[in-house]
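Student: I have a two-part task. How do I read an interface in a model, and how do I compare that reading with a domain boundary?
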Amino acid sequence: MTWVTWRQHRGQAMVSLAVLAGLALALFLVSEPMRQAFGQDGITGCVARGTRTAGCQNAIGAFLSSWGFTYNQALIALLIIPGLIGVIIGAPLLGRELEEGTWRMAWSQTVPRTRWLVSKLALVSAGLVAFGAALTGVFTWYRAPMDQLTGHFTEAAYDFEGLCLTASLLCSFAFAVLAGLAARRSIAGMVAAFLPWLALRGLTDLFLRQHLAQPLAKELPASASIAFGPNTTSMTGNAGDWVLGATRAAGHVFVTYQPAGRFWTFQAIEAGGYLTLAAAALGGAVWLLHRRAA
Amino acid sequence: MTSMARAAPAPALRAERLGKRYGKAWGLRDCTLTIPAGAVAGLVGPNGAGKSTLLQLVIGLLDPTEGRVRVFGETSRAHRAATLRRVGYVAQDHPLYRDFSVADMFRLGRRMNPAWDQPLAERRAAALDIPLKRKVKALSGGQQAQVALTMALAKRAPLLVLDEPVASLDPVARLDFMGALMAAVADNSLTLIISSHVVTELERVCDWLIVLAGGTVRAAGPVDELLARHRLLTGPRTASHSGLPGVVHRADSDRHSSLVIRVGPREPAVHPAWQAQPVGFEQLVLAYLRGGSGARLEPDTRIEAVTR
């Protein structure tokens, strides 16, 4: 089955590699001027010595205003790449066999269809994990200077680094395998899998993530200026802390936040969620395929 | 062991009260039939008669709702390599992967079948002038059908099942395909089951016939025996013979009636106003297909034709 799987998916593997290479080249070209500015504007020194001085605040403010959009808001658009690749590879895996009738040939060879499917899923998933890891590496390298200013909890960092990108890629793939089987069509399966995947990603980014662990609370003097979000110039005083809320009362400011050190814990929890959903969808596909004979 | 060796060889196919239900509707019901080893069996019926269901139950693509089917004595079950190995299958429209080359398809066959006969596959491709490097999508429909047949043959299974193999082919490709098929069957002492709604294709090659309609077996048996046990009666049209036993199908014109009837071993005594003629293959099949649910040849029943 290894050769058969490779032969059927080698075109997709080539296209995925081309996407990876193109993305790496594009990000390299965009990243070069930013890396130069990072050194020239004295930001390297600020990050090393502490960012509280007015000079450093101004330098960081100017740097963020010229590069913030490219590295934060614009990058979010690339988040659909793992979702798209997952559904494009996942939906035809069964959907195309069913819509073109080749399942009758494929499943009447001397390999029972559930074994056929499990072998294919294992091999293609392994390829996707390798692809996801490479994509994560490229993005992490690209974001490295900016991460020193914004921390890893901002969506543009969090969703592209660590485990979540690969796990959510496997999740969209698994949704699409199941949807392709249910719809008996490739394209319909892609759409039917991509929309819930996108909803799940959005919901996680905007609402669920901040509740993955009980936030910490801190009491600051009333003079503290309130700024939400993950930031090096975080009002908590710790680089990369993610400020969730702040209330001014009785001469103090009470801050709730997720400390920067929880990045990997959060990544593990969120990736675990995606992988659980992926395993459920793939298990469902194997079960449905087995039941089709009954 | 000795008694085993002396026992009659298991039939290629034995279905016992086989039934398959899809939701509330039965795709096949109460199907009992036997096909001996070495037979070339034609499975005839209109679309939706249950032909594909029966074939998929035989090859292990489906599991029955009731009853069972045995291939060379062993029960066919879905998801079992042992079942899949015993049967070569050419599905309707002979599906292949379009972007695979012929060599790729053969390599798939080799990877997915323990008994794969690569020299046989390559010999056949060479004999048919099909280049191994050519992509499947660049082959003609007839060539694609030949590649699908070659894959089923190279699997080296003793039973070969073909579902409407020539339905999508032009007349020349049909002849070529059936010729190649019959040569392969003769060379390899295979048992063959071919489903088709093109009766004339089957008449030339089949020595065993199964008529399927409405999910039930209407008639099954050796072709020569089935022909010998039926007669076509023609005579003046009367209303009285509607309740006759053994009538498979009756067709009335203004003045005449013609009846296909079952007969016993003896030549039937026929009223002088009626003529009895042997029945043809196609006439027989059509009589059973048109005869409605009442037209059913029970296994091992002998009905004497009674015609005044």
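Student: How many salt bridges does the rule find across the interface of chain A and chain B?

Tutor: A salt bridge is judged by the distance from a Lys or Arg side-chain nitrogen to an Asp or Glu carboxyl oxygen, within 4 Å. This is a predicted model. Across the interface of chain A and chain B, the rule finds 1 salt bridge. R7(A) and D104(B) are the partners, with N to O at 2.7 Å.

Student: How many residue pairs are in polar contact between chain A and chain B?

Tutor: Polar contacts are counted under a separate rule, with N or O atoms within 3.5 Å. Between chain A and chain B the count is 11 residue pairs, both residues at pLDDT 80 or more.

Student: What area is buried between chain A and chain B, and what share do carbon and sulfur atoms give?

Tutor: Read the area together with its atom make-up. About 2700 Å² is buried between chain A and chain B, and carbon and sulfur atoms give 60% of it. On the chain A side, W3(A), R104(A) and T110(A) lose the most area to chain B, together 27% of what that side buries. As for contacts, 27 residues of chain A meet 34 residues of chain B.

Student: Now the domains. Where do they lie in chain B?

Tutor: Start from the bounds. The domain assignment of chain B gives domain 1 (9-222) and domain 2 (229-290). Their centres, taken over C-alpha atoms, are 34 Å apart. Domain 1 of chain B brings 13 residues to the contact, and domain 2 of chain B brings 6.

Student: Which three residues supply 46% of the area that domain 1 of chain B buries against domain 2 of chain B?

Tutor: Take the total, then the leading contributors. The two domains of chain B bury about 840 Å² between them, with 83% from carbon and sulfur atoms. V199(B), E203(B) and L209(B) supply 46% of the domain 1 share, more than any other three residues.

Student: How many salt bridges and polar pairs cross the interface of these two domains?

Tutor: Apply each rule in turn. For domain 1 and domain 2 of chain B, the rule finds 0 salt bridges. Polar contact gives 1 residue pair, both residues at pLDDT 80 or more. The side of domain 1 of chain B that touches domain 2 has 9 nonpolar, 2 polar and 2 charged residues.

Notes. Residues are numbered from 1 along each chain as its sequence is written. Chains are lettered from A and ligands numbered from 1 in the order in which they are written. This is a predicted model: local features need pLDDT of at least 70, side-chain atom pairs count only at pLDDT 80 or more; totals for chains, interfaces and linings use all residues. Side-chain values use heavy atoms; hydrogens and water are left out. Domain bounds come from an automatic or database domain assignment. Contact means heavy atoms within 4.5 Å. Buried area is the accessible area (1.4 Å probe) that two parts lose on being put together, summed over both. A polar contact is a pair of N or O atoms within 3.5 Å; within protein, one must be able to donate a hydrogen and the other to accept it, and residues adjacent in sequence count only if both atoms are side-chain atoms. Ala, Val, Leu, Ile, Met, Phe, Trp, Tyr, Cys and Pro count as nonpolar, Asp, Glu, Lys and Arg as charged, and the others, Gly among them, as polar.
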